[in-house]
Amino acid sequence: MLSTTANKEAVENFSEQLEVKGRSLWDDARRRFFNNRAALTSLVILSLITLFVVVGPMLSQFAFDEVDWGAMHAAPSLASGHYFGTDALGRDLFVRIAMGGQISLMVGVLGALVAVLIGTLYGATAGFVGGRTDRVMMRTLEILYSFPFMFFVILLVTFFGRNILLIFIAIGAVSWLDMARIVRGQTLSIKGKEFVEAATVYGVSKWAMITRHIVPNVLGIVAVYATLLVPQMILFESFLSFLGLGVQEPMTSWGSLLNEGAQTMEIALWQLMVPAVFMVTTLFCFNFIGDGLRDALDPKDR
Amino acid sequence: MTIAEKELLLDVQDLKVHFQIKKENAWPWTKPADLKAVNGVDLQLYAGETLGVVGESGCGKSTLARAIIGLIKATEGNVLWLGKDLTELDDKALRATRSDIQMIFQDPLASLNPRMTIGDIIAEPLRTLRPDIPKQEVSDRVQAMMMKVGLLPNLVNRYPHEFSGGQCQRIGIARALILEPKLIICDEPVSALDVSIQAQVVNLLKQLQREMNLSLIFIAHDLSVVKHISDRVVVMYLGNAVEVGSAEALFANPQHPYTQALMSAVPIPDPNVEKSKEIQLLEGELPSPINPPSGCVFHTRCPHADAGCAEEIPSLRGSMEHQSACLRLEELQAG
């Protein structure tokens, strides 16, 4: 048998050759995410949709509010230049879907982002600090909950006029409430774990505790909820538009396009189908990406 | 070396930890009950020694540990660390002593953040308390520490769930040691592990203690482990220290009736001896710490108790080597 010192040396030499560079949670998560086919495909499709939404209006010969008097309710055709057909007023659907997509995606993504950021930090803080702070923060949240949302939007619109920015503010103001509750609940369960105690023993500050120990451990749920929130925001915006509080004609969004399309679906099915296909694809993509994110952010699943 | 010559690191004086418990269906203005988890414990710890703390579940061992390290606020009493009272320091001043006292936890997996690689976990105390150390040196130190506790340094990128319980406990030990503390409080560090792994971890702790000149407070309910690792032992019952002494003296000659009962329950790995052994069963249940018995807290279950035991509270008596808190100590020893 080899002498133990020789053994030890061999192990040391061997271990020196192995990788010892640190890898962060995010590097790992990215790698796992890109290994998930469904999520990756969804990300590609979503990128294509985003690309179309941005450059689409430049590719068409029509403007989004231009009425083609000779082609009302025209079916999709390559020859006429109305690739997706026209609506009841003869406006080109190809451009309108791109323009509407800009609004819808922006509302969806920004709204969800605001909700996630505020909600996660608010909830984690309330849950982690606990005690009186928690009680005050949660009661504040409940007061905001009880505030009638439509009333709030109408107030905003009457004071500041119709403005797309107001929609963001209005949606952002209410959507983080659920998020904060979910995160607070999760935080309470994580707070009792021993690794939080261990971190307290070596003096981790409250802020570092929340950002380094609590938030990464609630990210899985946050990611899924956030991607579910995006479609919710998009639908929410269309509801506001339907009431006349959201985007205004001739500007449009996917929600209002769907709404118009639904009224004429017996005579012009494409007016419903085209925005519906875009909307459904987008929502699917967001859901798959959410699933992928949750798996990627959970090291136990690799 | 006798006890008197050693350096006194930690001096716990009359430590009390009471929790306020709301009764069920209580009115909001009803006074909450006091759960006396630790009720006046004195103990001393000297440099380089291991102090074992034993007692049954719910006797306040873990609460005592958490109160010493400051995870739980002490209701009364002092914790003197090198002469400084830890219970009176604010958070900022406490940070300075943080690197001197570290802790190892009972559940090895739960004490590691599942979202951090073990390299990050072991490095975190350094990054928190010594932000001036450059990154490269931190990672060097982490790797050296991993070698020391018997983990290959190439595992830095793994996550805690990829390790076995014993390995997780080694990670926990590495994290506690990276600050080069003077004292480590081990809260039942081996009770969640298999027996063979227990031996490895206990021996690792002993070896590291020799190498780094550590003091340990070792909490356990397994008497054989405590006997193996401890220099001195404290026996706790219902939030009170009932017997303190050097491990040899205490295990060879348990004085307090509770310690005697505890010792008689230790299984002996020899069927013939085990068969003829007489286990001294204790009557009744562990009393509630919300409403502990008067006088000597053990008198309700003590086979030798008399009327006086219910009235007078016993204090620790005896030599420096071996003390116990029993009112009838002399009578019992005389036979």
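**Entry 1: the second largest cavity**

I looked up which elements shape the second largest cavity of this predicted model. α8 (194-201) of chain A, with β6 (101-104) and α5 (165-177) of chain B, each give at least two residues to its lining. Helices here are DSSP runs (H or I, at least four residues) and strands likewise (E, at least two), numbered from the N terminus. I used the grid rule for cavities: on a 1 Å grid over the protein atoms alone, a cavity is a set of points where a 1.4 Å probe fits but cannot get out, and lining residues have an atom within 4 Å of a point.

The lining consists of Ala198(A), Val201(A), Tyr202(A), Gln102(B), Met103(B), Phe105(B), Arg175(B) and Ala176(B). By class I noted six nonpolar, one polar and one charged; Ala, Val, Leu, Ile, Met, Phe, Trp, Tyr, Cys and Pro count as nonpolar, Asp, Glu, Lys and Arg as charged, the others, Gly among them, as polar. Its volume is about 30 Å³, taken as the space filled by probe spheres set on the points, with grid points joined across faces, edges and corners.

As the model is predicted, local features need pLDDT of at least 70 and side-chain atom pairs pLDDT 80 or more, while totals for chains, interfaces and linings use all residues; side-chain values use heavy atoms, with hydrogens and water left out.

**Entry 2: the largest cavity**

I found two cavities of 30 Å³ or more in the structure. The largest has a volume of about 70 Å³. Of its 13 lining residues, the closest to the centre are Pro257(B), Cys296(B), Cys302(B), Cys309(B) and Cys326(B). The lining splits into nine nonpolar, three polar and one charged.

**Entry 3: helix α8(A)**

Back to α8(A): is it mostly covered or mostly open? Mostly covered, I see, with six of its eight residues buried (buried is under 20% relative accessible area, exposed over 50%, partly exposed in between; 1.4 Å probe, protein chains only). The buried ones are Glu194(A), Phe195(A), Val196(A), Ala198(A), Ala199(A) and Val201(A). Just past the helix, Gly203(A) has a positive phi of about 75°.

**Entry 4: salt bridges**

I counted a salt bridge as a side-chain nitrogen of Lys or Arg within 4 Å of a carboxyl oxygen of Asp or Glu.

Which residue pairs with Glu197(A)? Arg66(B) does, with the closest N and O atoms 2.8 Å apart. Arg66(B) sits in helix α1 (residues 61-69) of chain B and Glu197(A) in α8 of chain A, so this pair joins two chains. Arg66(B) counts as buried at 11% relative accessibility, and Glu197(A) as partly exposed at 21%.

Arg212(A) and Glu124(B) also meet in a salt bridge (2.6 Å, N to O). This pair crosses between chains too, from helix α9 (residues 206-242) of chain A to helix α3 (residues 118-129) of chain B. Glu124(B) is buried at 0% relative accessibility, whereas Arg212(A) is partly exposed at 28%.

Glu188(B) is in the loop between β7 (183-187) and α6 (195-212), and Lys61(B) in helix α1, 127 residues apart. Both Glu188(B) and Lys61(B) are buried.

Conventions:
Residues numbered from 1 in each chain as written. Chains lettered and ligands numbered in written order. 1 Å grid on protein atoms, 1.4 Å probe; cavity = no way out; pocket = protein on both sides within 12 Å on 5 of 7 lines; lining within 4 Å.
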